[in-house]
Amino acid sequence: MTPVEIFGMLLLGIGAGFSKLGIPSALVFSPLLASIYGGKTSAGIIILPVFFSDLTMLCLYRKKLDWETLKKILPMTLLGIIVAVFFGNNISDVLFKKSMGVIILAIGILTLLKSLHVNFSKLSFIFGFLGGFSSFIGNVSGPLMSIYLLNINLDKDKFYGTRTWFYFIVNLSKLILYFFFLKNVNLFTVTRGLWTAPTVVVGVFLGRYIVGKMNQNVFEKFIVIISIISGINLLIR
């Protein structure tokens with residue numbers, strides 16, 4: 001690996017750590033890596049630091065989850081991943097990401113304006129499916145799932161605990177599927193992914209420190225505003 005690649009992998013680790021705190025840095029490093037290595041190979045590189053960050057977050061939040069919420073969304077999430085495996089190649093990546101951008105932007109703005117009068121717990125199957133599908137296709141499910149979890153009124157710790165378990169299961173499933181079906185978890189992607197391990201922990205704890213300084217109200221607004229920015233980014237990219 002060149003010094004530039006090593007530096008890039010270390011930054012990727014920090015970004016992957018930050019992403020676990022609801023800061024969708026994947027929307028920055030995903031397209032950047034795809035432009036360098038190609039979409040398939042970059043996905044194989046990204047999955048390792050993301051999985052490392054899941055394990056780090058589990059150490060911090062493994063007991064602070066809303067199990068009922070997780071049970072509602074996981075079955076459709078796994079179905080969304082399976083559908084993405086078989087039909088993902090037939091979907092325009094650009095059109096899909098712009099569609100996700102519209103959804104994230106609309107729900108985010110309505111949430112920020114407190115204009116939603118919807119029982120989100122009854123829409124768990126929709127968010128679960130979209131979360132699994134969009135995670136596998138383009139790593140763009142973070143903002144959508146963050147808004148969903150906020151709209152079912154989880155406090156900060158349960159938000160992170162539930163989100164952590166959700167993505168641990170999703171990314172473990174992706175890791176297995178990447179290895180056996182896409183064949184993009186290999187010596188090349190693993191050696192690059194391993195360079196991110198030290199800075200993943202830095203990203204998680206730095207992000208946790210920043211979020212820890214926010215009260216619940218500021219935290220919710222922060223997550224929604226970041227999600228809205230992500231939706232705009234998907235639309236104009």
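Colleague: Does Asp 157 count as buried, partly exposed or exposed?

Modeller: This is a predicted model, in which local features need pLDDT of at least 70 and side-chain atom pairs count only at pLDDT 80 or more, while totals for chains, interfaces and linings use all residues. Residues are numbered from 1 along each chain as its sequence is written, and side-chain values use heavy atoms, with hydrogens and water left out. Buried means under 20% relative accessible area, exposed over 50% and partly exposed in between, with a 1.4 Å probe and protein chains only. At 36% relative accessibility, Asp 157 therefore counts as partly exposed.

Colleague: How many residues apart in sequence are the parts that Lys 64 and Asp 157 tie together?

Modeller: The side chains of Lys 64 and Asp 157 meet in a salt bridge, 4.0 Å from N to O; such a bridge is a side-chain nitrogen of Lys or Arg within 4 Å of a carboxyl oxygen of Asp or Glu. Asp 157 lies in helix α8 and Lys 64 in the loop between α3 and α4, so the parts they tie together are apart in sequence by 93 residues.

Colleague: Within what arc do the buried residues of α10 fall?

Modeller: Helices here are DSSP runs (H or I, at least four residues), numbered from the N terminus. Among the buried residues of α10 are Thr 199, Val 200 and Gly 203. Seen down the axis, the buried residues line one face of α10, because the directions from the helix axis to the C-beta atoms fall within an arc of 145°.

Key:
Helices (H or I, at least four residues) and strands (E, at least two) are DSSP runs, numbered from the N terminus.
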